[in-house]
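Hello,

Here is the structure for you to look over. My notes on it follow below.

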Amino acid sequence: MKMCTQFCSKHHNSALEAVCTTCNALCCLVCAITDHKGHSVKEIGDTMNNIHEKMRPIMKKVEQNTYNIKQNLKIGEDVDKEMNIMFQRCKRNLNISFMGVVRGSRDRQNELFADVDKVLNENVKLLEQQVHDIEDEINFTIRGSEMITDIFEEYSPAQMAGIGGLVQKLIDEIQTIPEDLPIEPLPTKRVTFESKAEKQFYAAGKNFGNLKISEIKMSLMPKDPKEIDFESDEEEDLLPIDNSELTKIVKEQMAAVAT
């Protein structure tokens with residue numbers, strides 16, 4: 001870095017080439033043997049070399065710290081990324097479990113619907129059979145009445161005397177109601193549904209599942225800090241980040257959640 005030459009304010013043609021360590025001030029060579037006579041005066045080049053020597057380890061430490069901070073930042077970003085993945089998977093598994101409960105409830109609902117439909121169909125068949133039997137008896141009675149009417153109209157009293165027994169039997173059958181004919185409505189099945197109370201639903205929801213929380217020690221410091229020669233002209237990449245232990249822990253937890 002090229003430095004600009006400064007001149008003495010008292011001797012305008014004289015450059016500031018010396019440093020008075022007694023007065024802690026820059027001075028020209030003329031001032032050094034006049035105003036600063038008897039003081040500790042050194043050439044500015046020697047003083048700068050001394051300053052550079054003192055600053056060298058400080059700058060190296062600063063550069064090393066800057067490098068480590070960049071490493072820590074990269075490790076922190078990786079830790080944050082893996083934690084986000086862990087929690088997103090946890091939420092996904094929670095959602096899958098909840099949807100399983102919803103599907104299970106829906107399946108149970110369909111089962112109850114099927115049971116209700118089964119009972120309904122049994123009742124319908126029972127009532128249809130009852131109606132069919134009654135209709136058959138009504139039709140038999142109507143046909144028998146019509147037959148008796150036709151006999152009385154077509155046959156003479158003498159002929160009626162010959163078939164009187166058959167006619168009387170037919171009349172008795174028409175007037176007699178079969179004992180097995182269901183005159184009164186047959187007993188049918190009734191269906192009611194008793195739902196769980198709201199408190200029971202709430203209690204079941206509270207017991208839906210639990211989160212298992214465990215502590216993981218995470219360090220943002222590199223395991224093996226590398227000493228870097230910052231005076232070298234070679235460009236080096238950042239240190240490789242070792243997150244194998246963290247990755248192992250995360251994978252174990254993911255496997256536990258999946259099972």
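Ile 51 sits in helix α2 (helices are DSSP runs of H or I with at least four residues, strands are E runs with at least two, both numbered from the N terminus). At 38% relative accessibility Ile 51 is partly exposed, that is, between the 20% under which a residue is buried and the 50% over which it is exposed, with a 1.4 Å probe and protein chains only.

This is a predicted model, in which local features need pLDDT of at least 70 and side-chain atom pairs pLDDT 80 or more, while totals for chains, interfaces and linings use all residues. Residues are numbered from 1 along each chain as its sequence is written, and side-chain values use heavy atoms, without hydrogens and water.

Asn 24 is in the loop between β1 (18-20) and β2 (25-27). Its phi is near 55 degrees, a positive value in a residue other than glycine, and Asn 24 is exposed at 68% relative accessible area.

Overall, the chain has six helices and three strands, in the order β-β-α-β-α-α-α-α-α. Of its 259 residues, 17% count as buried.

Regards
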